[in-house]
Amino acid sequence: MAKKKLTITIDGGKVEAIEGLVSSTPAGPGSVSAWIEDAVKAKLEQAERAQRAVDWLAARAQAEHPGQWEQALAAVRAADERHGFTTGEGRRAA
């Protein structure tokens, strides 16, 4: 995928720490941008693994306890609505 330039704001102390790590790690990423890209990639992979685990647990719960699953899901949706929570796409929780 093509690279895209992005402007971000990071605490100065964290930037200094990243710069120190980049300059002191011969086998690591060669720039702050590369270091941040590696960190973002790791975080995205972690989120994907967590989502797969949640999906697996949800499928198992739904299969083993369909009535209870639907009641629990309805309760969560109602609580989300009361608290104004939205989905990742910025929509109100379904």
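Hi everyone, thanks for coming. The model is predicted, so to speak of local features we need pLDDT of at least 70, and side-chain atom pairs count only at pLDDT 80 or more, while totals for chains, interfaces and linings use all residues. Residues are numbered from 1 along each chain as its sequence is written, and side-chain values use heavy atoms, with hydrogens and water left out.

Let's begin with the layout. The chain has three helices and zero strands, and from the N terminus the order reads α-α-α. Helices here are DSSP runs of H or I with at least four residues, strands are runs of E with at least two, and both are numbered from the N terminus.

How much of the chain is buried? Of the 94 residues, 4% are. Buried means under 20% relative accessible area, exposed means over 50%, and partly exposed is in between, with a 1.4 Å probe and protein chains only. The accessible surface is about 8000 Å², and 59% of that belongs to carbon and sulfur atoms; the areas come from the Shrake-Rupley method with a 1.4 Å probe, and for residues only the protein chains shown count as cover. Among contacts with a separation of 6 or more, 10% join residues 24 or more positions apart, where contact means heavy atoms within 4.5 Å.

Now, the pocket. On a 1 Å grid over the protein atoms alone, a pocket is an open set of points where a 1.4 Å probe fits, with protein on both sides within 12 Å along at least five of seven lines, and lining residues have an atom within 4 Å of a point.

Which residues lie nearest the pocket centre? Out of 13 lining residues, those are Lys-3, Lys-4, Leu-6, Ser-33 and Glu-37. By class, the lining has seven nonpolar, one polar and five charged residues. Nonpolar covers Ala, Val, Leu, Ile, Met, Phe, Trp, Tyr, Cys and Pro; charged covers Asp, Glu, Lys and Arg; the others, Gly among them, are polar.

Ser-33 lies in helix H2 and counts as exposed, at 57% relative accessibility. Ile-36 is in helix H2 too, and it is partly exposed at 23%. Leaving aside neighbours within four places in sequence, Ile-36 touches Ile-8, Ile-10 and Ile-18.

On to charges. Side chains of opposite charge can pair when their charged atoms come close. With a salt bridge taken as a side-chain nitrogen of Lys or Arg within 4 Å of a carboxyl oxygen of Asp or Glu, the count is four.

One of them joins Glu-37 and Lys-3, at 2.6 Å from N to O. That pair links distant parts of the chain, 34 residues apart: Glu-37 is in helix H2 (residues 32-64), and Lys-3 is in the segment before helix H1 (12-24). Glu-37 is partly exposed at 42%, whereas Lys-3 is exposed at 67%.

Another sits within helix H2: Arg-60 and Glu-64, four residues apart, about one turn of the helix. Their closest N and O atoms are 3.0 Å apart.

That's my tour, so please jump in with your thoughts!
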